[in-house]
Structures are given as structure tokens and as C-alpha cells.
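Dear colleague,

Please find below the structure that I am handing over to you. My notes on it follow directly after it.

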Amino acid sequence: MRHIWVWLSALLVSAALAGCGGVSQKETEAAQEDQTHKIGVLVYNLADEEVMSFRSYLENYIMECFPDVEFYYSDSVSDEEGIQEFLALAHENGVEGIMSFLSYDLEEEVAACEEYEMYYLMASGTVAEDAFHAVEDSPRFLGVVGPGTEVEYQAGKEMAEYFMEETAGDSYLIYSGGAAQGNEMHRIRTQAILETLEEGYGVTFDTPAEELALTEEPVKLQSGSLEVGIYPGFVRLDGVREGAAKELDSGAYDSAMAVLPVGPLVEEARGSNIPLGTVDAYTEGNQTLFNSGDLNYVAGKYSSIIGPSFVVMYNAVKGYAEDFRQDGKAFQIQQGFWSSSSAEDYSEKYSLASAIYVNAYNFEDLQHVCRDYNPDATLDDLIALASAYTYEDALARRGE
């Protein structure tokens with residue numbers, strides 16, 4: 001995996017300036033003379049391919065297009081204690097704002113950022129409504145950019161519908177990831193899969209889907225002809241991966257759906273040949289799994305989808321935070337997923353998702369909603385750009 005990252009990074013560095021053709025020499029020199037703004041990036045797993053693709057976009061494209069920015073990454077963080085340790089360390093290192101890709105206690109995280117006088121943004125994710133409303137008035141909390149409850153639910157629903165229609169058999173395995181550990185995205189996706197299966201088969205399990213999604217132990221369910229297994233936990237972790245792979249290889253299921261990345265699971269479960277889907281991201285690893293026949297369905301984000309989130313933070317650290325609030329409060333901006341159910345479709349979308357010279361959100365797109373470049377830029381402009389996340393929207397921006 002590391003050799004892919006090194007190769008991609010080198011290639012992107014050599015091409016990034018060409019991709020930022022809208023940046024003049026004068027603008028570059030002025031930015032370099034200006035203060036360098038340090039932005040922290042809080043991540044759950046540095047080795048995760050989605051995290052790596054986001055990092056490549058930020059460090060090898062954004063930093064070339066915006067020379068007055070640098071990024072300060074966390075290590076892999078798996079609990080609230082780790083988040084608080086990183087926030088303190090970021091403050092000590094002069095970070096002005098945090099682009100976060102995980103949250104365990106949003107109120108505590110925002111409180112820490114208020115103490116450290118740093119901005120905080122959920123850059124690509126979903127938080128519970130009560131958690132959002134608890135901090136929406138904080139001037140240090142910028143908001144949330146990401147799928148939101150409805151889109152997360154729809155992603156799980158559409159994946160379940162695909163497997164009910166396209167695969168034979170009535171037995172399904174669901175990998176619920178961190179749903180039981182407070183991961184709101186995983187919880188919603190899992191609940192959606194369960195409720196869609198119940199509706200499709202015209203049955204109801206004894207325990208509500210909302211509760212089943214939160215199971216901390218593997219469970220097996222049956223109602224009528226429908227059989228479902230739920231396997232919780234992060235499949236990348238030792239102690240979870242082995243058991244998860246054994247379940248996939250058991251022969252007890254006709255198809256499997258995961259609400260998190262499945263690469264480590266497939267590596268472990270070499271004997272499995274049942275159809276498998278995931279809500280994850282458009283990454284090289286998933287393309288390989290599609291091409292090998294190990295993966296049949298993907299719904300996910302892509303590297304440059306976080307471009308508008310970067311602009312949110314960039315405007316804030318440049319002094320325009322108050323101009324990009326919604327009625328004086330933090331905002332919620334919805335972005336959804338691309339999806340593919342064939343290797344051919346995945347390949348077409350991945351080409352745009354990972355392109356060097358042409359990508360879904362490029363400098364010209366972002367420049368338009370940056371106050372430093374466009375004094376007339378508004379929150380409505382930023383929302384419109386972020387909301388135009390679909391594959392068709394991206395093709396239209398690139399004139400294809």
C-alpha cells in the first residue's frame with residue numbers, strides 16, 4: 001500500500017502546478033510573503049485509503065494552489081481521549097483550525113477548540129442532530145459538510161435493494177463497523193440495510209432495526225425466509241478481522257454488505273466468493289477488488305469532494321468566519337455519494353475521482369468561493385458548489 005502512496009504523491013507533486021493554472025506568479029509570491037496558515041487534520045486511520053486519497057489532494061494539490069497553507073495531521077485516532085490529545089498538540093503547534101473526519105463527543109471537541117481559539121469543522125461526515133444543535137451557536141464551530149442522515153440512510157437502502165434484486169438467496173451478512181461505538185454514519189447505514197430487507201421481504205424482526213444496528217456482539221436473525229447476520233467492529237483491527245473473515249467464509253450467507261472499507265476483510269477471507277458491497281470510497285484498492293471480482297457494489301466519496309470543506313476552513317483562518325455563518329449559527333451542507341455496480345462504471349468514475357490534471361473540484365471551482373480571490377463570495381455560493389457533488393455535476397464543471 002505504501003508504494004502506491006509514494007508513487008501517487010510524486011506524480012501529483014510534479015503535476016499540481018499545472019493543475020493550478022489559475023494561480024499567477026504574482027499571487028503565489030504574495031501568498032508566500034503572507035502568514036502561513038496551519039490547518040489541523042484529524043483522522044481515524046492514516047493507512048485507510050480514503051484518508052490517504054484526501055491527504056494526497058490536500059498536500060499535493062491544495063497546498064500547491066494555496067501556497068499560504070500547510071496541514072498538520074493527527075496520528076490514527078480511535079477514541080475521544082486521542083482526539084483531545086491531538087487538539088492540545090495542534091494548539092501547541094500553532095494550528096488555527098481543525099478539519100475533522102471523526103467525532104466521539106462533538107460538544108467536548110468544540111469546547112476544547114474554544115479554549116484553544118481554534119476553529120472546528122466536520123469536514124466530511126455525519127453527526128447526530130442533537131449533537132449538532134448543542135454546539136451550533138459556538139463561534140468556533142463552523143459546521144458540518146457531509147452526507148447527513150437522509151443521504152447515509154439512502155446509501156444503505158440502495159445497497160440493500162441492489163443485493164435483493166441482483167443476487168440469489170435470502171441470507172445476508174451485514175458488517176456494522178463502529179455503529180455500536182458511536183459512529184453515526186455506520187449506525188444509520190446499518191439500520192437502513194436492516195429496514196430495507198425487512199420491507200423487501202414483508203417481515204419484521206423481534207428487535208427493532210434501530211436497536212439491532214447497535215449490537216456489540218455478532219447476532220443471527222431469521223423472520224420468514226429472510227436470514228440476516230450482523231457482525232460489528234472495525235474489520236481492519238486484529239481480533240475483529242479474523243472473526244469477520246471466518247464469518248464471510250462460513251458458507252452461511254448468499255451475499256454480504258459492509259458499512260465500512262472491506263479491503264482488510266477480503267485480504268483475510270481469501271476463500272470467499274459471495275457477492276460483496278460496501279459504503280466506502282472511490283480508491284485504487286476498491287478498483288482492484290472490482291476488477292478481481294471480489295467486490296460487486298460501492299457507494300462512496302472521492303478525494304476532491306473535500307475541496308469545499310477546505311474553502312470553509314480557509315475562509316475562516318483568513319478572517320471571514322462570521323461572513324459564512326447561517327443566521328449567525330454553524331451550517332450543515334449536504335454532500336452525497338457516487339455509486340457503482342460494475343467494474344466499467346467504477347473505472348469511469350474513478351478516473352475523474354483520482355485524475356491529476358482534471359479533477360471533480362479544481363482550483364478554479366474553489367477560487368470562486370474564496371473571499372481572498374472573490375470579495376463577493378457568499379455562503380450560498382459555497383453551499384451551491386459543495387452540493388454539486390454528483391458525477392454528472394463534476395463532468396459539467398469540466399466541460400465533458
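About 70 Å³ of space lies in the largest cavity. Please bear in mind that this is a predicted model. The structure holds 1 cavity of 30 Å³ or more. Its lining is made up of Leu-142, Val-312, Asn-315, Ala-316, Tyr-320, Ala-321, Phe-324, Arg-325, Phe-331 and Leu-382. Sorted by class, the lining of the largest cavity comprises 8 nonpolar, 1 polar and 1 charged residues. Helix H13 (residues 307-320) gives the most to this lining, with 4 residues.

An open sheet of 6 strands runs in the order E2-E1-E3-E4-E5-E12, and its pairing is parallel. At its edges are strand E2 (69-73) and strand E12 (331-334), each of which pairs on one side only. On average, neighbouring strands of this sheet are turned by 20° against each other, direction ignored. Strand E1 (residues 37-42) and E2 run parallel and are joined by 5 bridges; Lys-38 has Glu-70 in E2 as its bridge partner. H13 packs on this sheet, where it touches E1, E2, strand E3 (97-100), strand E4 (119-122), strand E5 (141-146) and E12. The direction of H13 makes about 170° with that of E4.

A further open sheet is formed by 7 strands in the order E7-E8-E6-E9-E10-E11-E13, with mixed pairing. Strand E7 (219-223) and strand E13 (338-340) stand at the edges with a single partner strand each, so one side of each is left without a neighbour in the sheet. The twist from one strand to the next averages 15°. Within this sheet, strand E9 (residues 255-258) pairs with strand E10 (residues 276-281) in the parallel sense over 3 bridges, and Ala-256 stands opposite Leu-276 in E10.

Finally, the structure holds 22 aromatic pairs. One of them is the edge-to-face pair of Tyr-282 and Trp-338, with 5.7 Å centre to centre and 75° between the planes. This pair links distant parts of the chain, 56 residues apart: Tyr-282 lies in the loop between E10 and H12, and Trp-338 lies in strand E13.

With kind regards

Terms used:
Residues numbered from 1 in each chain as written. Predicted model: local features only at pLDDT ≥ 70, side-chain atom pairs only at ≥ 80, totals over all residues. Heavy atoms only, no water. Pairing = 2+ DSSP bridges. Helix = DSSP H or I, 4+ residues; strand = E, 2+ residues; numbered from the N terminus. Axes fitted to C-alpha atoms, helices over the stretch in contact; angles between N-to-C directions. 1 Å grid on protein atoms, 1.4 Å probe; cavity = no way out; pocket = protein on both sides within 12 Å on 5 of 7 lines; lining within 4 Å. Points joined across faces, edges and corners; volume = space filled by probe spheres on them. Nonpolar A, V, L, I, M, F, W, Y, C, P; charged D, E, K, R; others polar. Phe/Tyr/Trp six-rings, centres within 6.5 Å; stacked < 30°, edge-to-face > 60°. Contact = heavy atoms within 4.5 Å.
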